[in-house]
Amino acid sequence: MLKKRFAPLLLTALLTAACSNQQDDSAGTKDAPGKSAAASPASGQGASGGNRNKPQMVTTTQTTLRNLPLVLSAQGNVLSLDEVDVRAQKTGTVAQVQFSEGQEVRRGQVLFSLDDREDAAAVKRAEAAVVGARAQLDIAERDLKRAQDLSAQNFVSSSALDTARNKVDSARAGMQENQAALEQAKVALTYSVIRAPFDGRAGRIDVRVGSLVTTTTPMVKVSRMHPIGVSFTLPERDLPMLLASQREKPVRVEVETGDGRKAPGEVSFIDSTVDRVAGTIAIKARIDNNSRNLWPGQYVTTRVTVGELKDVVVLPAQAIVNGPTHRFVYVVKDDATVTPQNVELQRIVDGQAVVTGIGGGVKIVLEGGQNLRPGGRIEEAAPLAANGESAPRKRRDGKKGGNAGSGEGKNPT
């Protein structure tokens, strides 16, 4: 009876234990993928670490030690060395315009003629006055000669002789006065003809035939075109080099227009005062402009050669990285890693940077350095010479490949 009563209870306990063991086995099985997932971040970190250690593709060049022409560059403004607004010297009416707008005129060429009838009449009146004064002088001189003859014979007194002399002196003074008036009338007549003051180019004509002009009326602007000037400024720090070069020989200047045309010249003026606010010195240059490539008011690039920098370290300007506190370049080591090297930029000449803090013949990163870090590994895409020309690089199989970005040396498959 007891076996029959406890048999169902024993069977139920065994079934419950079996189910519990199966659930434990299932839980263990599910825990295994979890462990693998926990391990995957580690493997992911390893992959990330691998990406960080992946070589960066860069181009390189070498620093060079050489002599470099010292050329100072600045933006300049073309100006005419002689430029005037032609005005009349008297009030009058324009009778003729004897040139065209934009015409090249020569010194002394007639530009305008004013109504000169009144001035011509004044000249004739002055000429007649001179003739009358000369006649009075002749009469006075004859009377003096007669008085001298009579005085020698004691027929006239000495006071009468003195009176004759006074008349001659007065007539001579009157003669000189009328001659001066004639010269003044002739000068006033020349004001009716307006001539070009120098060789140059005429601008816009602001008056026409029949216009009433005064001494304040601008009639036309004449600008000298050859030679022509260029004004520009240089930093105060360049003044000693400029003055030293000028003491040895004339300082050469070359200006370039926006379309690439160039014209040579030389410095003609250095201001006597440095601008205290801007820290610059004003310069003017005299440029040959026979070809008329330069025009007053035009903006040009000015290059001044003031000497030569000897035995300086030169590298392409784009290789320099601007850090938060200093400039530096990435030096390529023998194990294909890079290390930063601080440099001090002295100046940039035609895209070439003159620096200190590094020697010549050092391999540096030219392009691709923005993603580099100290100690990072690199792979050279196409080594560049100091002049920026690319050279073919070796592939890993030892053969020469093409430049970076070209299809040479690639497997078509």
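User: What makes two strands count as paired here?

Analyst: Two strands pair if DSSP finds at least two bridges between them; strands (E, at least two residues) and helices (H or I, at least four) are DSSP runs numbered from the N terminus. The model is predicted, so local features need pLDDT of at least 70 and side-chain atom pairs count only at pLDDT 80 or more, while totals for chains, interfaces and linings use all residues. Residues are numbered from 1 along each chain as its sequence is written, and side-chain values use heavy atoms, with hydrogens and water left out.

User: Why are E2 and E11 called paired?

Analyst: Strand E2 (residues 64-79) and strand E11 (residues 228-235) are joined by three bridges and run antiparallel. The requirement is at least two bridges, so E2 and E11 pair. Within E11, Ser 231 is the bridge partner of Asn 77.

User: How do you know that E11 pairs with E14?

Analyst: Eight bridges link E11 to strand E14 (residues 280-287) in the antiparallel sense, and at least two are required. Here Val 230 stands opposite Ala 285 in E14.

User: What makes a set of residues a nonpolar core?

Analyst: Such a core is a set of buried Ala, Val, Leu, Ile, Met, Phe, Trp, Tyr and Cys residues joined through side-chain atoms within 4.5 Å; buried means under 20% relative accessible area, exposed over 50%, and partly exposed in between (1.4 Å probe, protein chains only). The largest one has 31 residues, and Ile 287 and Val 304 have the most contacts inside it. Among the elements giving two or more residues to this core are E2, E11, helix H4 (239-248), E14 and strand E15 (299-316). A second, separate core of 18 residues includes Leu 111, Ile 205, Val 213 and Val 220.

User: Which residues is Val 304 in contact with, leaving aside neighbours within four places in sequence?

Analyst: Contact means heavy atoms within 4.5 Å. On that basis the partners of Val 304 include Leu 70, Leu 72, Phe 232, Leu 242 and Val 267.

User: Why are E3 and E5 described as standing at the edges?

Analyst: The open sheet of four strands has the order E3-E10-E8-E5, with antiparallel pairing. Strand E3 (83-87) and strand E5 (104-105) each have a single partner strand, so one side of each is left without a neighbour in the sheet. Arg 201 has Ser 223 as its bridge partner in E10.
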